[in-house]
Amino acid sequence: SNLDNDLAADYIKQKLEGYGLDTYDQVYSTHGRNIYAIQPGILYPDEQYIICAHYDAVADHCADDDASGTAGVLEAARILSNYQLDYTLIYALWDEEEIGLIVSGYYANLAFTNNDDILGVINVEMSGWDSNDDGLIDIHTSDIANSVALANLVYNIVSVYNLDLDPVIYNPGTTASDHSSFWNKG
């Protein structure tokens, strides 16, 4: 999980900075780093949304878990950084998800301690491969905060934009990914 993580983190940081975003390198331990960028909101700068993925990997399925999510967050940053948004948007790339959600947990604990006003977290996890071409997209939610409303919004976006996907909402959803760190803090 830690092989070449610094190389990946440096690349991610360089990409986010290249989009003109204020970018941060949050060192958690000798092995763990979060790289995130903040795009301040115009109307509600103290209210935040997070779009995230993890960039660490294990020996198998690395391209899907979670290089695809990392690419999705970087692409969102590339596109959305050109717009003025009402709310602050944080593009976060976590380390050490594969060994226990360690670094997203660290960030969520700090956000809780600082009383950050996080309105929602969209975790882009394993989005790059449909092993059986059935078009299913899993949306994991929980009855915590506004997670169900956010899941319904994602579900409806598929219909509004006529995407060739079949969304399925799971409630309660899995706790085996970084969004769970934020659920744990309410």
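Predicted model: local features only at pLDDT ≥ 70, side-chain atom pairs only at ≥ 80, totals over all residues.
Let's start with the rings. There are eight aromatic pairs in the structure. Take tyrosine 28 and tyrosine 106: their ring centres sit 4.7 Å apart with the planes at 65 degrees, and since over 60 degrees counts as edge-to-face, that is what this pair is. Tyrosine 28 belongs to the loop between β1 (22-27) and β2 (33-39), while tyrosine 106 is part of helix α3 (residues 102-113), so the pair ties together parts 78 residues apart in sequence. How do the two partners compare with the solvent-accessibility classes?

| Residue | Relative accessible area | Class |
|---|---|---|
| Tyrosine 28 | 35% | partly exposed |
| Tyrosine 106 | 28% | partly exposed |

Elsewhere, ring pairs join Tyr24, Tyr36, Trp94, Tyr107 and Phe182 into a cluster.

Now for the cores. The largest nonpolar core counts 17 residues, and Ile12, Leu16, Leu21, Ile51, Val73, Tyr91 and Leu93 have the most contacts inside it. At least two of its residues come from each of α1 (5-18), β2, β3 (44-54), α2 (63-80) and β4 (87-94). The top contributor is α2, with four residues.

Leucine 16 shows what that looks like up close. Setting aside neighbours within four places in sequence, leucine 16 is in contact with Leu21, Thr23, Ile35, Tyr36, Ala37, Leu74, Ala77, Tyr91 and Leu93.

Terms used:
Residues numbered from 1 in each chain as written. Heavy atoms only, no water. Phe/Tyr/Trp six-rings, centres within 6.5 Å; stacked < 30°, edge-to-face > 60°. Buried < 20%, exposed > 50% of the residue type's maximum accessible area, 1.4 Å probe, protein only. Core = buried A, V, L, I, M, F, W, Y, C linked by side-chain atoms within 4.5 Å. Contact = heavy atoms within 4.5 Å.
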